[in-house]
Amino acid sequence: MGWTFQSLIDAKMAVTAFCNVAACGHTKTLNLENLRQRFGPDAPGMEWDLRPRLKCEVCGSRDVGLIYAPDSRKMSGMGQNLYSKAKDER
Ligand SMILES: [Zn+2]
């Protein structure tokens, strides 16, 4: 079973894109809430689903990789502030 945007959010995962161009090395954490809004909660969020859509915003390279890791910011503090903030935005 693969990740969807909703399951990534539920699992408190962070997806970080990194540019493979050595001279660039740009990294960016993807905004999963925005992606969910744009593509839908059930849209696949696996690396091979996302990579064709990604482009380095610094050097324009399409050689972009992805790292999936637990989001330490969301894990600590039990996400109380994040939760109330999300409710306010609706
Ligand atoms: Zn780059």
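Is cysteine 24 buried, partly exposed or exposed, and at what relative accessibility? At 24% relative accessibility, cysteine 24 counts as partly exposed, because the partly exposed class lies between buried (under 20% relative accessible area) and exposed (over 50%), with a 1.4 Å probe and protein chains only. The model is predicted, so local features need pLDDT of at least 70 and side-chain atom pairs count only at pLDDT 80 or more, whereas totals for chains, interfaces and linings use all residues. Residues are numbered from 1 along each chain as its sequence is written, and side-chain values use heavy atoms, with hydrogens and water left out.

Cysteine 24 belongs to a metal site. The zinc ion is coordinated by the SG atoms of Cys19, Cys24, Cys56 and Cys59 at 2.2 to 2.3 Å; donors are N, O and S atoms within 2.8 Å of the metal (3.2 Å for Na, K and Ca), and sites may look incomplete because water is not among the atoms. The angles subtended by the 4 donor atoms are 103 to 115°, and the arrangement is therefore tetrahedral; for four donors this term requires all angles to lie between 85 and 135 degrees. Along the chain, the donors follow the spacing C-x4-C-x31-C-x2-C. Cysteine 24 lies in the loop between strand 1 and strand 2, and cysteine 59 in the loop between helix 3 (47–50) and strand 3, so the pair ties together parts that are 35 residues apart in sequence. Cysteine 59 is also partly exposed, with a relative accessible area of 39%.

Helices (H or I, at least four residues) and strands (E, at least two) are DSSP runs, numbered from the N terminus. An open sheet is formed by 3 strands in the order 2-1-3, with antiparallel pairing; two strands pair if DSSP finds at least two bridges between them. Strand 2 (27–29) and strand 3 (64–70) are the edge strands, each pairing on one side only. Strand 1 (residues 13–19) is joined to strand 2 by 3 bridges, and phenylalanine 18 stands opposite threonine 27 in strand 2.

Aspartate 71 is found in the loop between strand 3 and helix 4 (72–75). With a relative accessible area of 5%, aspartate 71 is buried. Apart from its neighbours within four places in sequence, aspartate 71 is in contact (heavy atoms within 4.5 Å) with Lys12, Met13 and Ala14.

Conventions: Four donors count as tetrahedral if all angles lie between 85 and 135 degrees; four count as square planar and six as octahedral if opposite donors are over 155 degrees apart and all others between 65 and 115; anything else is irregular.
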